[in-house]
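Welcome, and please open your viewer so that we can walk through this model together. At each stop you will be told what to select and what is there.

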Amino acid sequence: MKRYNVSQAKEVPNRDKPVWIRVGVAFDKEDGKPPRIKLEALPIPDQNGDIWLSLFEDDRQQQQAPQSAPQQSPGFDDPIPF
């Protein structure tokens, strides 16, 4: 399954190019159907009230497996986790 970043361009004064803000992810399905999109932030409309989003291939490596919680030192009996 191919993964994409869903991004929105934001115009910044005194800049030639826009800043791209990542607002979610999209997954290309292998069955030929349109990709599924998950927004993780609400995109902001431009001065005309339009919202334009772009898909860019996710160039990050696959997310690593979550690491297990650190082991407690043998001298601590305190249930507080910090």
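Two strands count as paired if DSSP finds at least two bridges between them, and the elements themselves are DSSP runs numbered from the N terminus: helices (H or I) need at least four residues, strands (E) at least two. Please keep in mind that this is a predicted model, in which local features need pLDDT of at least 70 and side-chain atom pairs count only at pLDDT 80 or more, while totals for chains, interfaces and linings use all residues. Residues are numbered from 1 along each chain as its sequence is written, and side-chain values use heavy atoms, with hydrogens and water left out.

**Stop 1: the whole chain**

Start with a cartoon view of everything. You will find zero helices and four strands, in the pattern β-β-β-β along the sequence. Of the 82 residues in the chain, 13% are buried. Here buried means under 20% relative accessible area, exposed means over 50%, and partly exposed is in between, using a 1.4 Å probe and protein chains only.

**Stop 2: the sheet**

Next, colour the strands one by one. In what order do the four strands lie in the open sheet? The order is β3-β2-β1-β4, with antiparallel pairing. β3 (36–39) and β4 stand at the edges with a single partner strand each, so one side of each has no neighbour in the sheet. On average, neighbouring strands of this sheet are turned by 40° against each other, direction ignored. The angle is taken between axes, which are lines fitted to C-alpha atoms (for helices over the stretch in contact); angles run from 0 to 180 degrees between N-to-C directions.

**Stop 3: pairings, strand by strand**

Select residues 2–10 and 19–28, which are strands β1 and β2: nine bridges join them, and they run antiparallel. Lys-2 has Asp-28 in β2 as its bridge partner, and Gln-8 stands opposite Ile-21 in β2.

Look for Val-6, whose bridge partner in β4 is Leu-55.

To finish this stop, show β2 and β3 together. Four bridges join these antiparallel strands, and Gly-24 stands opposite Leu-39 in β3.

**Stop 4: Ser-7**

Is Ser-7 buried or exposed? At 6% relative accessibility, Ser-7 counts as buried; you will find this residue in strand β1. Show what surrounds Ser-7: leaving aside neighbours within four places in sequence, its contacts are Trp-20, Ile-21, Arg-22, Val-23, Trp-52, Leu-53, Ser-54 and Phe-56. Contact here means heavy atoms within 4.5 Å. Across the chain, 43% of the contacts with a separation of 6 or more are between residues 24 or more positions apart.

**Stop 5**

The structure holds one aromatic pair. The rings of Trp-20 and Phe-56 have centres 5.1 Å apart and planes at 80°, so the pair is edge-to-face. Trp-20 lies in strand β2 and Phe-56 in strand β4, so this pair ties together parts that are 36 residues apart in sequence. Rings of Phe, Tyr and Trp (its six-membered ring) pair if their centres lie within 6.5 Å; planes under 30 degrees apart count as stacked, over 60 as edge-to-face and the rest as tilted. Trp-20 is partly exposed, with a relative accessible area of 43%, and Phe-56 is also partly exposed, at 37%.

**Stop 6**

Select Asn-14, in the loop between β1 and β2. Asn-14 counts as exposed at 86% relative accessibility, and has a positive phi of about 65° although it is not a glycine. Most residues other than glycine have a negative phi.

Last, go to Asp-59 in the segment after β4. Asp-59 counts as exposed at 70% relative accessibility. Draw a line from Asp-59 to Arg-3: the two are 56 residues apart in sequence and 8.9 Å apart in space, C-alpha to C-alpha.
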